[in-house]
Amino acid sequence: MESLGSSLPVPNVQELAKENISAVPDRYIRPDREAAIVSGSDGIPNIPVIDFQSLFDGESAPAERERLHRACKEWGLFQLINHEVNTEIVDKMKEETQGFFASPFEEKKSLSQVPGEIEGYGQAFVVSNDQKLDWADMFYLVTHPVSLRKPHIWQMLSTSFRSAIENYAIETQKLVIKILELMANNLGMKKEELHESFEDGMQAMRMNYYPPCPQPELVIGLSPHSDGIGLTLLLQLSDVQGLQVKKDGEWIPVSLLQNAFVVNIGDIMEIISNGVYCSVEHRAVVSHDAERMSIATFFSPNMNVEFGPAPSLITPETPPLFKRVGTAEFFKNLFTRKLQGRAYIDDLRIEKRNE
Ligand code: OGA
Ligand code: NI
């Protein structure tokens, strides 16, 4: 496969945070940062929690499936509990990721992004030298299909890290197929349409490391964005929180439950559902004392197909709202931009004709 894109090299934030600076460099200061609702205030709506087992249990299934549908329409995200991904596989993935970020900088550098590539250790979505930067480092790699794996990255992984990633990739893939099938069913989409797009779909992982920060309220760990993929499963590595979602114009902190995944609708799923589901805008904030880590696993259509609003959802009353686009082209364009809320999906909208 051709490269998905690239990002300009930036300083390593984990190393910067070790320098005991009392003020963060100007490039990380975000005067445009919007305040969030204070966690624990009255009237903060709760992020929906979906019980995976209930979705298949004869008695509770219809109501739980309806709750799932509402969560996708009204929130674009939910926490998934009682999912089937084996705890040992999840724990191993957490442990290996923690081990990777805790290893000496010199070692991590062997996995650095090479010029012209987005995969590897570094940062994404940096397209200009005067753009503000996020207070985080990341390690990004494509995990599925196997033919798209980059040998120069996979060969550098320790055996235990590689096998943790492989096992986690397989288990999360199985889970996501089941979730997508439930969504297709809820939407009234033909199952084949889903399979045509997601068969041998692309799966990638982004491991995020957010170091502690002397001025956490001035920086952003991960800029506001919607995920430019189909569906995301987010795993947080400890109980240090930092994810926030934008709902009705307000930033709401998400308090992740133990053993839960956050599932969020990405831009591609919003497009396939012809706007019935919404890809939620979210960001990550950082803290003064604690490091935070997360793993976002992204599921997308096959790189060789085109996707667009599902034909079975198009009617005279619900004309297509988005253009069709090839998956590979979608990614190529995604990585040439900086993260900016929902700007990318808005560009794929079919312009309303003036009447
Ligand atoms: C992402 C993401 C949030 C987090 O990687 O796309 O939104 O809490 N991560 O790390
Ligand atoms: Ni995201």
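Which residue in β4 is the bridge partner of Gly120? In the predicted model described here, the bridge partner of Gly120 in β4 is Tyr140. Helices (H or I, at least four residues) and strands (E, at least two) are DSSP runs, numbered from the N terminus. Two strands are taken to pair if DSSP finds at least two bridges between them. Residues are numbered from 1 along each chain as its sequence is written, and chains are lettered from A and ligands numbered from 1 in the order in which they are written. Local features of this predicted model need pLDDT of at least 70, side-chain atom pairs count only at pLDDT 80 or more, and totals for chains, interfaces and linings use all residues, while side-chain values use heavy atoms, with hydrogens and water left out.

Strand β4 spans residues 137-144, and seven of its eight residues are buried, so the strand is largely enclosed by the rest of the structure. Here buried means under 20% relative accessible area, exposed over 50%, and partly exposed in between (1.4 Å probe, protein chains only). Strand β3 (residues 120-122) runs antiparallel to β4 and is joined to it by three bridges. Between β4 and strand β5 (residues 202-210) there are seven bridges, again with antiparallel strands. In that pairing, Asp137 stands opposite Tyr209 of β5.

Strand β10 (residues 261-265) is mostly covered, with five of its five residues buried. Phe261, Val263 and Ile265 point one way from the strand, Val262 and Asn264 point the other way, and all are buried. Strand β2 (residues 77-81) pairs with β10 in the antiparallel sense over four bridges, and Phe78 stands opposite Val263 of β10. Strand β7 (residues 231-236) also runs antiparallel to β10 and is joined to it by four bridges; the bridge partner of Leu234 in β10 is Val262. Strands of a sheet pair through backbone hydrogen bonds, either parallel or antiparallel.

Helix α2 (residues 61-74) has 14 residues and reaches 20 Å from its first C-alpha to its last. This span is close to the 20 Å expected at 1.5 Å a residue, where the expected span is 1.5 Å times one less than the number of residues. The buried residues of α2 are Ala61, Glu64, Leu68, His69, Ala71 and Cys72. Seen down the axis of α2, these buried residues fall within an arc of 160 degrees, so they line one face of the helix; the arc is that of the directions from the helix axis to the C-beta atoms. An α-helix has 3.6 residues a turn, so residues three or four places apart point the same way. What covers the buried residues of α2 includes β1 (49-51), β2, α6 (159-187) and β10, with contact meaning heavy atoms within 4.5 Å. Gly76 follows α2 and has a positive phi, near 75 degrees.

Leu180 lies in helix α6 and is buried, with a relative accessible area of 1%. Not counting residues up to four places away in sequence, Leu180 touches Leu194, Phe198, Leu231 and Met269. Leu180 and Met269 are 89 residues apart in sequence, and their C-alpha atoms are 9.4 Å apart in space.

Four strands form an open sheet in the order β6-β11-β8-β9, with antiparallel pairing. Its edge strands are β6 (222-225) and β9 (250-253), each of which pairs on one side only. The twist averages 25 degrees from one strand to the next, with axes being lines fitted to C-alpha atoms, for helices over the stretch in contact, and angles running from 0 to 180 degrees between N-to-C directions. Strand β8 (residues 243-247) and strand β11 (residues 282-284) pair in the antiparallel sense over three bridges, and the bridge partner of Val245 in β11 is His282.

His225 counts as buried at 6% relative accessibility, and Asp227 is buried with a relative accessible area of 5%.

Asn274 lies in the loop between α8 (267-272) and β11. At 7% relative accessibility, Asn274 counts as buried. Its contacts, not counting residues up to four places away in sequence, are Pro309, Ile314, Thr318, Pro319, Pro320, Leu321 and Phe322.
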